[in-house]
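Biologist: Before we talk about pockets and packing, could you put the model on the screen?

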Amino acid sequence: MATTTVASPPRARPAVPRRRLTQARRRQFVGLALVSPALLVVFVFFLLPLGMTFWMSLHDWPLLGEHTWVGLGNYTKALSDDTWLDSVVFTLKYTLFVTPLLFVAALALAVLVNRPGRPARVFQTVFFLPVVIGFAAAAYLWLYLAQPGLGPLNAMVGDGESNWFATSTSALVTVVLMVIWKMTGMQMILLLSGLQSIPAELTEAARIDGAGPWKSFRYVTLPLLRPTLALVLVFSVAGSLLAFDQFFIMTAGGPSNSTITAVYQIYRTSFINFDLGYGAALSAMLMVVLAAVSAVQMLLLRKTDFS
């Protein structure tokens with residue numbers, strides 16, 4: 001009697017994982033295609049100029065003629081350059097002067113307009129209006145307002161003939177007033193968003209426990225506002241360290257080159273003296289300082305997240 005063997009059916013291959021892998025790769029290719037334009041822009045307009053800046057900073061690079069390798073010579077030259085050091089000191093002085101004033105004014109306005117109703121929204125708009133004006137336009141506007149014998153601001157505050165740009169101190173004060181008028185609205189909006197994110201139940205509970213307005217603001221509002229305060233502070237410090245337009249237009253570095261900021265000195269070195277290698281070295285040094293400021297920002301925000 002013949003026996004027949006029945007072959008076992010072949011085991012089906014798992015098709016699902018391969019389809020999932022194919023879909024995953026397809027999604028990766030689609031994602032890469034979507035971000036490729038952004039990556040190209042970052043490479044062309046940030047990474048490539050950044051690399052060129054560091055490369056130029058290691059050379060004696062005139063506008064015309066051959067460039068020669070000097071290594072770290074431009075950096076050591078900057079450490080003994082009195083003009084550069086004076087500009088750094090003035091930039092720090094300007095930063096220490098304008099940052100607290102700007103911060104206090106913005107916080108006061110944010111607390112003032114942090115209310116419901118149409119009048120508060122109207123004042124928010126009024127205080128924010130100078131922000132939409134360009135920095136150069138604002139600088140020219142204040143340059144006209146403070147002109148002796150011509151500007152209405154000079155006639156309202158002084159005798160109408162005083163030159164507010166005659167001394168280094170008065171010129172610095174005039175520029176600081178313009179910056180406060182121009183930028184307070186921006187910082188006010190940032191701080192206002194932080195204030196409005198604080199639950200009203202917390203401040204109400206503090207008042208029920210007997211805390212007055214100041215204690216409620218000191219022990220409840222300010223600690224919860226730390227992330228926004230850190231963000232505003234870093235924006236203000238970074239913007240002050242990069243100050244250029246306002247001094248270039250309003251004071252032109254005068255009187256006697258006493259209001260030249262670090263960026264202004266980089267501009268003079270690179271585009272007036274055409275010492276491109278040395279200007280690149282100064283730019284690299286300033287970038288390191290800004291990177292340190294950003295690192296402090298990340299540290300403050302991380303501590304706030306864990307708190």
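Modeller: This is a predicted model, in which local features need pLDDT of at least 70 and side-chain atom pairs count only at pLDDT 80 or more, while totals for chains, interfaces and linings use all residues. Residues are numbered from 1 along each chain as its sequence is written, and side-chain values use heavy atoms, without hydrogens and water.

Biologist: How are α3 and α12 oriented to each other?

Modeller: Helix α3 (residues 82–113) and helix α12 (residues 262–271), both DSSP runs of H or I with at least four residues, pack with their axes 8 Å apart and at an angle of about 150°. The axes are lines fitted to C-alpha atoms over the stretch in contact, and angles run from 0 to 180 degrees between N-to-C directions. Angles over 145 degrees count as roughly antiparallel, and therefore α3 and α12 are roughly antiparallel.

Biologist: Which residues in α12 meet α3?

Modeller: Contact means heavy atoms within 4.5 Å. On the α3 side the residues are Thr83, Trp84, Ser87 and Thr91, and they meet, in α12, Ala262, Gln265 and Ile266.

Biologist: Which element gives the most to the lining of the largest pocket?

Modeller: A pocket is an open set of points on a 1 Å grid where a 1.4 Å probe fits, with protein on both sides within 12 Å along at least five of seven lines, and lining residues have an atom within 4 Å of a point. The largest pocket is lined by 16 residues, with Val111, Asn114, Thr203, Arg207 and Thr221 nearest its centre. Two or more lining residues come from each of α8 (200–208) and α9 (213–224), and the most, 5 residues, come from α9.

Technical notes
Angles under 35 degrees count as roughly parallel, over 145 as roughly antiparallel, 65 to 115 as roughly perpendicular and the rest as oblique.
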